[in-house]
Amino acid sequence: MRLGKAVRGVAATLAGVLALTACGGGDEAGDKGPASLRMTVWSANEAHLKLFDEIADEYRKTHPDVASITFDPLPFENYTTTLTTQIAGGNAPDLAWVFENSAPDFVASGALLPLDETLKKIEGYQYDDISPATLKLWQDGGKLYAYPFSTSPFGVFVNTDMLKKAGQKTPAELIAAGQWNWDTALTVAGATAGATGKAGLVIRDFDYKGWDNLSTLWTGWGAQAWSEDGRSCGFAAPEMVEAMTTLHKAIFTGKALPGPGTTADFFAGDAAMTVTQISRASLLKPDGFGWDLVPLPAGPKGSYSVVGQAGVGVMKKSRNADAAADFLAFLTNPTNSAKLAQFFPPPRQSQLTAETLGKSNPTLKPEQLQNVVIDGITNGVVKPSHAGQAELSQQVRAGLDPLWQADADVKAVLDGVCTKIQPLLAK
Amino acid sequence: MSQTDTTVGGVEAPPTRDRSRPYWTSRRRDQLTGYLFIAPQLLGSAVFVILPLILVVWYSLHEWNVLAGTFEFVGTENYANLADDTNLGSVLRATGLFSVGLVVFNLGLALLLAVLLNQKLRGTILFRTLFFSPVVVSLVAWTIVWGFLLQDNGGVNGLLDTIGVAGPNWLRGEGTAMFSVVVVQVFKNVGLNMVLFLAALQGVPAELYEAAEVDGASRLRQFWRITVPMISPTILLTSIITVVGSLQVFAQIAVLTQGGPGTSTTVLVYYLYQQAFQFHHFGYGATLSIVLFVIVLALTVLQWQMRKRWVHHES
C-alpha cells in the first residue's frame, strides 16, 4: 500500500514535469510587448560586433518598439550544428547567419521568412542594385529567403618576405610575366618550403577534412563536385581526377602543401601562401611580414574565381519575425551595406567599385580589389552546396580519406567517392 | 471517546481513524523525512533520466525535421531503417573495437600499476599522484593537447625521431587512429581504476599470503589464487564502469578524429550525434540511442549475471 502511494507520488511528479514542459513549449501566443531581437553570427571579432552594435543602436533610436538587439556569436566550426540545436530546443534566434553549404537546406525547408516584399517596399532600399548572381543560392520558387550578406571571393595571400628569402619569384612577378598558374604556384610553394622549413601553400580550412575548400583548386580544371542540377557525382570525372592528381603530387612529392595532420597558419607566419577568402585580411598584423593579395592561379581551363557566401535570414517561427525582417532591411540598406563592406563584400553592384571598396578597405590596393574582389564576385563560382549537405559532406570526407596517403590510387579513390554519394544525390 | 462501531449490516466497515490519535505519528514523520530526503534525487532522476528516456522512445517513432518544423509519426519505420543502414555495421564494429581495446588496456594497466604501487617502495605516493592526476583534468583540454602531440609533426613523433624511429601519422592512419584514441582514453582514466584496485589490494589480509608462502606458493600463484579472487568484486565494478563508459565515448572522437579516417573511428554515440545534430535526422538519432541503451543494458545485465561465476565474495 505504501509502495502504491510512492508510485502515485512519482507519477504525479512526472505528470507535473510533463505539464510544465508542455507549457514551456507554447510560447507562440502573441504577447506583443517591445521586441527583443537576437541574431546568430559566426564572427566573434570585436570590430565586426562593434559595427553591428552601432547599426543596431541607430535602428533602435527610430524604433522604440524594439527593446534590444543582440548579436550572438557561435563558434565557426560548429556553427550550423549549434544553430539547428537551438532551433530544435525551442530557442531559435530571430535572425540567423547561414553559410552557403547549408543554404539549400535552410531555403527549401520553409524555416525562413520570404524577404522580397519587405525589402522592396522600403524606401531607398534599391533592391534592384543587388547583383542577381549573388541572389541565386538564396532563392526558391522566385522568392528570396536570405540576403546575401557576405560574398567573399577566394584569393591567395602571399608572404612576400618568405618568398624573397627563399629566392623565389613572387606571384606579382609571375602575374606580370603571364605565368601565374597552379604549376608555377605549386613549384614556388614547394621550393619555398624546402628552403625555409616552413609550409609552402595552405588551402585554409581544408585541413584534409573541409574538402569543399578544394573547389578553389579543381574549378581551374573545370571540375565540380556534382552536376549543376545536383543529381550526378562529378568526383570521378576526368578533369577532377587530373586536378586531384596534381594536388596529390603537390602534397606527397613536391611537398608544396603541408601533409595531413600538420598544421600551419599563414597569418602567424608559418606558410608562404594561403588560399582563403579576402575577409580574412583582418587577421594580418599591421607590423607583421610583407604581404600581397593576388587572384587564384589559373588552371588548365584558364582564369577563374570562387566565392564563399553567407546569407542572413529571418526565422519564420520567430515571435518578432516582422520586426526582425524590418531590422534586416535597415542592416542591409545602401548606407549600412557600405559600412559593412569593410568586412563583408556587399552584393550591391553600385558598391562593387575599387573606389568605394578602397575607402573601407585601406589594407587592400585598388588593383587587388578590382582583380580579386570585384571580378571574383561578378564571375565567381560559389563553393559546392546541395540539399542534405551535411550528410553528403561527411560521406565525401570519409570517401576522400584514403586519398591522403602517399601511395593512394587517385582514380580508384574518386570512383569510391561517387559510389558513396550517388545514392544521396539521386534522392 | 468511545470506539466507533465498525460493522454495518454484518459487513465489516473499513476502520475509521481514531480522532484522539494525532495524524503525525513519529512513524509518519519518519516516512515523510525519508521521502523528503530522497525527493531531490527522485525529482532529478525523473526530470533528467526518466523523462528524457520516455521522450527518446517517443521521438524514435517520429520523423522530426527541425528546420522545416515537421514532426510526423512514422511508427517503427526508423527501426526498420536500422536494417538498411549500410554504415551501421562498421559503426558497431568500431564501437566494439574501442570497447574491447579500452577494457583490456585500461583494466590490465590499472591492475599492473596498482600491484606495483602496492609494494612498500620509496616514491610510490608520487607515482600514485602522477597516475591519478589526469582523472581530474578536463577531458576536452586533455584530448586537445593529445591531438597536438599526435600530429604528424607533433611531440610523440618528435620523441620517436630522437631514437631514430619514424612514427606513423597517428590520427590519419586507418590502423593507428583507433589505437591512438584508445590510448588517450586509457591514460585519462587509468588512475581511477588504479585507485580502486589499490584499495582492494590493501584489503586483502596479509595472513593469506603468509600462509601461502609457508605452503611454498610462488608469487604468481599467490596472485592468481589469492589476489584475483579477493579483489574480484572490484574487478566486477571497474569492468562495468569501464564497459559502460567506453560505449559512451564522444568528446575524444569529436576532437581527435571526427570519426575518420573513413569511418574507422565512428562509434555509436558519435554516429547518433551526426545523424541527429548534423544531418537533422532526429528521429533516427533517437532510434540509435535506443540501440545504445539496449546494448548497455544487456552488457550490464550480462556482467551482473556472470558475477556469480567469478566474483568469489561480496562484502
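## Chain B: fold and extent

Chain B of this predicted model holds 13 helices and four strands, these being DSSP runs numbered from the N terminus, with helices (H or I) of at least four residues and strands (E) of at least two. Its radius of gyration, 28 Å, is well over the 20 Å that the globule rule gives for 315 residues, so chain B is more spread out than a compact globule; the radius is taken over C-alpha atoms, and the rule is 2.2 Å times the number of residues to the power 0.38. Along the principal axes, the C-alpha atoms of chain B fill a box of roughly 100 × 75 × 35 Å.

## Contact with chain A

Across the interface, 28 residues of chain B are in contact with 29 residues of chain A, a contact meaning that C-beta atoms, placed from the backbone, lie within 7 Å. On the chain B side, the elements giving two or more residues are α1 (26-59) and α12 (268-278) of chain B, and the largest share, six residues, comes from α1(B).

## Confidence and conventions

The model scores ipTM 0.80 and pTM 0.83. Chain B averages a pLDDT of 89, with 92% of the residues scoring at least 70; pLDDT is the predictor's confidence in each residue, from 0 to 100. Over residues 1-10 of chain B the pLDDT is below 50, and this stretch has nine contacts in the model beyond near neighbours in sequence.

Residues are numbered from 1 along each chain as its sequence is written, while chains are lettered from A and ligands numbered from 1 in the order in which they are written. As the model is predicted, local features need pLDDT of at least 70 and side-chain atom pairs count only at pLDDT 80 or more, whereas totals for chains, interfaces and linings use all residues.

Methods
Two residues are in contact if their C-beta atoms, placed from the backbone, lie within 7 Å.
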